[in-house]
There are 2 protein chains.
Amino acid sequence: MRRARREVDVPALVEQARAGAPRAVARLITLVENADPALRDVMAALAPHTGRARIIGLTGSPGVGKSTTTTMLVTALRAQGKRVGVLAVDPSSPFSGGALLGDRIRMVDHALDPEVYIRSMASRGHLGGVSWATPQALRVLDAAGCDVVVIETVGVGQSEVEIAGLADTTVVLLAPGMGDGVQAAKAGILEVGDVFVVNKADRDGADATVREIRHMISLGDRTEPGLWRPPVVKTIADRGEGVEELLEALDKHLGHLEEHDELRARRERRAAREVEAIVLAELRSRMGDLSAGASLPDVAAQVAAGALDPYAAAERVLADLT
Amino acid sequence: MRRARREVDVPALVEQARAGAPRAVARLITLVENADPALRDVMAALAPHTGRARIIGLTGSPGVGKSTTTTMLVTALRAQGKRVGVLAVDPSSPFSGGALLGDRIRMVDHALDPEVYIRSMASRGHLGGVSWATPQALRVLDAAGCDVVVIETVGVGQSEVEIAGLADTTVVLLAPGMGDGVQAAKAGILEVGDVFVVNKADRDGADATVREIRHMISLGDRTEPGLWRPPVVKTIADRGEGVEELLEALDKHLGHLEEHDELRARRERRAAREVEAIVLAELRSRMGDLSAGASLPDVAAQVAAGALDPYAAAERVLADLT
């Protein structure tokens, strides 16, 4: 159920969000979720105030303890006086608002802290999905003065690769057993992890999992001199154990990025993807816009009938678009 | 390891594939996986011979028995004398060729049957991913004379929705227990399922799962007169039990689609997505093509620096493209 669209007072909202008003921040992210036309003005007003937040991606299979690890991280960052944003992205849910995630309930420790913004986003089917909405939501939290934003996402399908593309540092979470090493290799998360965490380290097999991950990392191309070699950290998130080691690993990685001018490069890649997603969403809409005489529906019927092949059809659509 | 690109004799390959030569079919699908430039000619040659195959999508969580169910279906369709294609799409794997899937081994029952084409595809990171490669692979199997093509994919993330968009009929597979009902609702697969199968029906809780799914279907909008109400079928795939009921449900759904002119509509939507994916891949390549003076990398640097907002940047890129 979507409420009727209200008139958006962009300058007022942006001012309140920049001052850190949680309701204004929440409202702006809702505009992102709804692909509201006011976003153009919002993003123009926010742009000069962005680029300060550090973005940490956190991904892992269901059940490894992503939510407790995020909570542990947020607690530690709050103890350092940092303002923190959490975006829980559920790429598998088609429901706007992410109500089924229940992250707002799970992160009850921080729900009343005005320096912590927690938001679930369900972005499937939403224009470009994760790649469209998430960077813009990040932008809102960044402009709202968050020192750190944690993007938490379940590591399935291609979502964790998209999330890794948004983050300065990507943390891959594993738990002992469950053949996680093989899973990691399969899902390609070995390639995206900057820091690996073996959570639930009090369980049997934790050291074996650490060894397995270290071994798989050593098989990669990462061991060349000057390249970052991802550390493997053990944690017991629900007791807060290992958080100092995790923070240290995160800081080391940030230092590495800065030292090699890689932070700027990553952020430019992120911006390129963000702009690309907006461009593609616009082009997609032009292609399918029947009222504007777009050619896609017409050629699609011919392709379905076997009268035209898909490349020839694509050429016609391109000629119309460009 | 990729072999050196060989010269492609398109007319010969197409002729052999149309005659049903398994090697030619495999070779054409490899061209799709590699986004080979020869595809343009291949698809032009195949187009007049497509549109005959019936496409069945089969999706479900890991462990519900997708592979055994596919095998059961293939056995039954072969008994009817049908030529069958199986595309096992793994959207989470970045490896071309899908070697890790092992479907070629799993489906050993049919591996030597010349009327059955089995192919694993790993399409992540491949231009538009599943949406780019899968329809073109389907097109190859269709032109090769397959009466039925089963697309099997693990139901995670957005992949099952993409697969549902390709299929005439989408089968959602569940197993007793595991809170599958809730999982189904979360992943949005209730909306995409045309036929539901509760596999492993000899296990405890099978009837409860059937009731739960029926209940959730009844909560949807599907009960209006004239709309298709998805049936729920029980199977024990590794014993072949329930396959007649499943085939009957599939045939009923096909009849329903034909009766309501929905088969043509679905196939036109599928063609539209296929063409769109080709167009978007081309536009994406033009946007990022540095050698052609594309504007994306340039504006991305300005966006990362906070000097330009993403919408203004997108407008510049669009102006350059169109």
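The model is predicted; local features need pLDDT of at least 70, side-chain atom pairs count only at pLDDT 80 or more, and totals for chains, interfaces and linings use all residues. Residues are numbered from 1 along each chain as its sequence is written, while chains are lettered from A and ligands numbered from 1 in the order in which they are written.

Chain A contains 14 helices and seven strands. Helices (H or I, at least four residues) and strands (E, at least two) are DSSP runs, numbered from the N terminus. Of the 322 residues in chain A, 51% are buried. A residue is buried if 20 or more other C-beta atoms lie within 10 Å of its own, exposed if 12 or fewer, and partly exposed in between, with C-beta atoms placed from the backbone. Two residues are in contact if their C-beta atoms, placed from the backbone, lie within 7 Å. Among contacts in chain A between residues at least 6 apart in sequence, 71% join residues at least 24 apart.

In chain A, helices α1 (residues 10–18) and α2 (residues 22–33) pack at about 125 degrees, and their axes are 7 Å apart. Axes are lines fitted to C-alpha atoms, for helices over the stretch in contact; angles run from 0 to 180 degrees between N-to-C directions. The angle makes α1(A) oblique to α2(A). Angles under 35 degrees count as roughly parallel, over 145 as roughly antiparallel, 65 to 115 as roughly perpendicular and the rest as oblique. The crossing of α1(A) and α2(A) is left-handed. A crossing is left-handed if the near helix is turned anticlockwise from the far one by less than a right angle, and right-handed if clockwise. Leu13(A), Gln16(A) and Ala17(A) of α1(A) make the contact with Ala24(A), Val25(A), Arg27(A) and Leu28(A) of α2(A). By class, this contact has five nonpolar, one polar and one charged residues. Ala, Val, Leu, Ile, Met, Phe, Trp, Tyr, Cys and Pro count as nonpolar, Asp, Glu, Lys and Arg as charged, and the others, Gly among them, as polar.

In chain B, the axes of α1 (residues 10–18) and α3 (residues 39–46) come within 10 Å and cross at roughly 45 degrees. That angle makes α1(B) oblique to α3(B). Their crossing is right-handed. Val10(B), Pro11(B) and Val14(B) of α1(B) meet Asp41(B), Val42(B), Ala45(B) and Leu46(B) of α3(B). This contact has six nonpolar, no polar and one charged residues.

Strand β1 (residues 54–60) of chain B is mostly covered, with six of its seven residues buried. Two strands pair if DSSP finds at least two bridges between them. β1(B) pairs in the parallel sense with β4 (residues 148–154) of chain B over seven bridges. Within β4(B), Glu152(B) stands opposite Leu58(B). Five bridges join β1(B) to β5 (residues 169–174) of chain B, and these strands run parallel. Thr59(B) has Val172(B) as its bridge partner in β5(B).

Ala35(A) lies in the loop between α2 and α3 (39–46) of chain A. Its phi is near 50 degrees, a positive value in a residue other than glycine. Ala35(A) is partly exposed because 13 other C-beta atoms lie within 10 Å. Ser295(A) sits in the loop between α12 (262–288) and α13 (296–304) of chain A. Ser295(A) touches Arg316(A), Val317(A) and Asp320(A), not counting residues up to four places away in sequence.
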